[in-house]
Amino acid sequence: MNPVNLDSENALRLKEYLERLGKGEPLESVQKDFREAFGQAAAEDIVKAEQILIHSGTSTSEIEKLCDLHSALFHDQPKPVSIKEMVANKGPIRMKTVQSGGCGSHGHDYDSMPSALAAQVVGHPLNIMTLENRELEMRVNHIQTLLDQQAPASDLEASLADLMKLSAHYAKKDELILPLLKYYGVGGPAVVMWNLDDELRDANKKLLLRLKTDGMESAKMVQIRAEIQRMVDRMREMIFKEEKILYPMAERYFTEEEWRTAYYDMPRFGFAWLEEIPVWNEAGPKPSVKPSIADLKDANEETKIELGGGQLTLAQLNAMLNTLPLELTFIDDQNISRYFSEDSFLFPRPTSSLGHEVFDCHPPKVLPVVRHVIEQLRSGEKNIISIMANKQGRKALVRYMAVRDENGKYLGVLEAVEDVTDLIVPSTDKNA
């Protein structure tokens with residue numbers, strides 16, 4: 001069957017489904033009509049319809065409701081299976097879920113769904129992401145067993161602590177895949193997944209804290225277990241969305257050079273649970289962003305740069321910037337990402353962000369803050385904005401500074417991130 005072409009008319013029909021959900025109609029009822037109307041649609045077609053809704057002013061929160069309808073198209077409807085049967089399954093990716101409510105409310109058979117072929121290439125970024133999903137799958141299945149057995153809070157606490165490593169998986173997706181799809185004009189997955197990833201990370205962190213503080217109270221444990229159940233259901237559904245919708249779409253759009261860049265950028269964001277990281281033998285050499293001077297032909301590392309305080313070669317300038325105990329990022333006056341420090345541990349940046357608007361590299365919920373900071377610096381309302389942040393278990397001082405020329409003309413924003421963990425000395429003064 002040929003895919004359905006989802007134009008603006010079909011996008012309006014999608015919006016009708018959103019309105020039905022907003023009025024409280026059961027998800028199952030809306031999904032049934034949705035399948036009948038759009039059952040032949042490909043994932044990309046649905047995403048195009050989401051794009052039309054986004055551009056027409058549909059709110060981010062409403063677009064997020066589409067996650068259930070969107071993935072529902074690609075779910076088979078196998079006969080119900082028990083949780084024990086699901087957990088006992090040790091075969092390759094034939095996980096079926098039958099849970100109540102939320103994004104995990106419909107069964108699905110992974111083996112029957114189309115996947116990204118690149119996920120089978122050892123060491124390819126999609127292969128690494130898929131391997132991490134298998135690790136996640138084992139962990140949420142184990143947590144499901146603990147929930148079914150009414151295991152004590154201490155057992156759940158240990159499992160949720162281990163689940164915190166999922167942040168590395170979501171960071172790679174959020175920084176290396178979602179923004180690049182936005183660059184190709186496919187922003188729907190980014191709008192939905194960025195926020196959902198943040199919600200799942202926050203849920204795990206908060207539930208872990210609640211287990212530590214309230215885990216001994218049986219009355220509170222009933223609610224905590226229910227919330228853990230919802231979280232693992234949503235994590236299962238995210239695995240499905242990634243492997244059956246997101247990865248195939250990325251495979252269609254990304255070039256080989258973009259995949260190589262993503263492969264070499266992956267260590268910046270860490271890995272989740274993998275003891276050995278498979279090597280992508282076909283990756284070739286690491287793509288480099290070599291320093292050059294646009295106005296000079298044959299520029300090389302020995303090219304001299306005349307500065308107000310002296311003269312440096314490109315090689316010296318690059319090495320000097322990398323030596324500073326700061327992580328630097330420069331956004332020009334057109335809001336384009338132009339530079340970041342090569343070694344960025346606290347705030348790692350993807351190479352693919354260079355040359356693109358800084359707004360494309362942030363999740364929707366923080367965009368208003370990013371825009372406000374830049375506008376304050378651009379207008380001259382402020383010349384520097386400083387905040388403290390906790391990153392990678394370290395305390396960081398983050399400063400956003402307006403960059404201006406000698407005549408006061410705005411040239412952009414310089415972000416400087418400094419690890420101040422060891423500079424903050426706890427006070428010994430009892431009266432402090």
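Trainee: Which residues are buried in helix 7?
Mentor: In this predicted model, the buried residues of helix 7 are A153, L156, S159, L160 and L163.

Trainee: How do they sit around the helix axis, and within what arc?
Mentor: Looking down the axis of helix 7, the buried residues fall within an arc of 130°, so they line one face of the helix. As background, an α-helix has 3.6 residues a turn, so residues three or four places apart point the same way.

Trainee: What covers those buried residues of helix 7?
Mentor: The cover includes helix 6, helix 8, helix 9 and helix 10.

Trainee: Which elements give two or more residues to the largest nonpolar core, and how many residues does that core have?
Mentor: The largest nonpolar core has 60 residues. Helix 6 (125–148), helix 7 (153–163), helix 8 (166–183), helix 9, helix 10 (218–253) and helix 11 (256–269) each give two or more residues to this core. Helix 10 gives the most, with 13 residues.

Trainee: Which residues have the most contacts inside that core?
Mentor: Those are I228 and M235. Leaving out residues up to four places away in sequence, M235 touches L136, V140, L163, L166, Y170 and L200. L163 is also one of the buried residues of helix 7.

Trainee: What does a second, separate core include?
Mentor: The second core has 19 residues, and I331, I374, A389 and A396 are among them. In general, nonpolar side chains tend to be buried together in soluble globular proteins.

Trainee: Let's step back. How many helices and strands are there?
Mentor: The protein chain has 13 helices and seven strands. It has 432 residues, and 47% of them count as buried.

Trainee: What share of the contacts comes from residues 24 or more positions apart?
Mentor: Taking contacts with a separation of 6 or more, 65% are between residues 24 or more positions apart.

Trainee: Where is L181, and is it buried or exposed?
Mentor: L181 lies in helix 8. L181 counts as buried because its relative accessibility is 0%, and the cut-off for buried is under 20%.

Trainee: What does L181 touch?
Mentor: Not counting residues up to four places away in sequence, L181 touches V186, P189, L246, M249, A250, Y253 and F254. L181 and D360 are 179 residues apart in sequence, with 9.7 Å between their C-alpha atoms.

Trainee: Now the charged ones. Where is D198, and is it buried or exposed?
Mentor: D198 lies in helix 9. D198 is buried, with a relative accessible area of 13%. Setting aside residues up to four places away in sequence, D198 touches P363 and K365.

Trainee: Where is K365 found?
Mentor: K365 is in the loop between strand 4 (337–340) and helix 13 (367–379). At 46% relative accessibility, K365 counts as partly exposed.

Trainee: How many residues apart in sequence are K365 and D198?
Mentor: They are 167 residues apart in sequence, and C-alpha to C-alpha they are 9.8 Å apart in space. Apart from residues up to four places away in sequence, K365 touches N195, D198 and D202.

Trainee: And D214, what is it in contact with?
Mentor: D214 is in contact with K220, M221 and I224, leaving aside its neighbours within four places in sequence. D214 lies in helix 9 (residues 188–214) and is buried, with a relative accessible area of 16%.

Trainee: Different topic. What is the phi of Q150?
Mentor: The phi of Q150 is near 55°, a positive value in a residue other than glycine. Q150 is found in the loop between helix 6 and helix 7, and is exposed, with a relative accessible area of 52%.

Trainee: What about the phi of Q392?
Mentor: Q392 also has a positive phi, about 55°, although it is not a glycine. Q392 is in the loop between strand 5 (384–391) and strand 6 (394–404). Its relative accessibility is 48%, so Q392 counts as partly exposed.

Trainee: Last one. How much space lies in the largest pocket?
Mentor: About 1,800 Å³. The pocket is lined by 50 residues, of which E175, L346, F347, R349 and K391 are the closest to its centre.

Trainee: How does that lining divide?
Mentor: The lining of the largest pocket has 28 nonpolar, 10 polar and 12 charged residues.

Terms used:
Residues are numbered from 1 along each chain as its sequence is written. This is a predicted model: local features need pLDDT of at least 70, side-chain atom pairs count only at pLDDT 80 or more; totals for chains, interfaces and linings use all residues. Side-chain values use heavy atoms; hydrogens and water are left out. On a 1 Å grid over the protein atoms alone, a cavity is a set of points where a 1.4 Å probe fits but cannot get out, and a pocket is an open set with protein on both sides within 12 Å along at least five of seven lines; lining residues have an atom within 4 Å of a point. Grid points are joined across faces, edges and corners, and a volume is the space filled by probe spheres set on the points. Ala, Val, Leu, Ile, Met, Phe, Trp, Tyr, Cys and Pro count as nonpolar, Asp, Glu, Lys and Arg as charged, and the others, Gly among them, as polar. Helices (H or I, at least four residues) and strands (E, at least two) are DSSP runs, numbered from the N terminus. Buried means under 20% relative accessible area, exposed over 50%, partly exposed in between (1.4 Å probe, protein chains only). Contact means heavy atoms within 4.5 Å. A nonpolar core is a set of buried Ala, Val, Leu, Ile, Met, Phe, Trp, Tyr and Cys residues joined through side-chain atoms within 4.5 Å. The arc is that of the directions from the helix axis to the C-beta atoms.
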